[in-house]
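Q: Let's go through this one together. Where do we start?

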Amino acid sequence: MIVPPRVLSDDELLAFSEQNSGWHIEREPDGSLNVAPTSLRNAARASEVVRQLYVWDAGRRGVVLASDGGMTLPDKAVRAPDAAWISRERWNTIPPAEREKYARVVPEVVVEIVSPSDDVAHQREKTRRYHEFGAAYAIMIDPRSRTCEEFGTPPDGLRFDLDAIFDAG
């Protein structure tokens, strides 16, 4: 956790993230920065989730996002979930310039994967907050315990193959 002397603006946070590639950086509601190294194995798991979302959305009803996409939540936190899906309808409400930065949007589907450096309770709270802020379905996947926790209801036809995610890589 990094506590900057003042809350970084979205542009400053974007620049800081670009200067520190290889690190997953999110802004907490209080302005502190949660900085964690990315894991090769978790990247494989996240890629598998993105693949499954893409296959599910074969009709191209929305936009599938990888963990590079950050979004500003109503509590001012900037989050970059491991994978997400935003309906085309919601996507079209985002101004094009905002899509280049941290859009103020809550995806309908959010997936968080617990990495070795993550605290499970913190990940659970993050995932729960997505649902509280308007995600129809948010899921936390914990490969260590081979479990998941779901908040909300998955959209029609969306069923994750958890074994494929747990064993990815």
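A: Accessible areas come from the Shrake-Rupley method with a 1.4 Å probe, and for residues only the protein chains shown count as cover. In this case the protein chain exposes about 8600 Å², with carbon and sulfur atoms supplying 53% of it. Keep in mind that this is a predicted model, where local features need pLDDT of at least 70, side-chain atom pairs count only at pLDDT 80 or more, and totals for chains, interfaces and linings use all residues. Residues are numbered from 1 along each chain as its sequence is written, and side-chain values use heavy atoms, leaving out hydrogens and water.

Q: What share of the residues counts as buried?
A: Buried means under 20% relative accessible area, exposed over 50%, partly exposed in between (1.4 Å probe, protein chains only). Here 44% of the 169 residues of the protein chain count as buried.

Q: How many aromatic pairs are there?
A: Rings of Phe, Tyr and Trp (its six-membered ring) pair if their centres lie within 6.5 Å; planes under 30 degrees apart count as stacked, over 60 as edge-to-face and the rest as tilted. That rule gives 1 aromatic pair. W56 and W85 form it edge-to-face, at 5.0 Å centre to centre with 75° between the planes.

Q: Which elements does the pair link?
A: Helices (H or I, at least four residues) and strands (E, at least two) are DSSP runs, numbered from the N terminus. W56 sits in helix α2 (residues 40–56) and W85 in strand β6 (residues 83–87), 29 residues apart, so the pair links distant parts of the chain.

Q: Are W56 and W85 buried or exposed?
A: W56 is buried at a relative accessible area of 14%, and W85 is buried at 8%.
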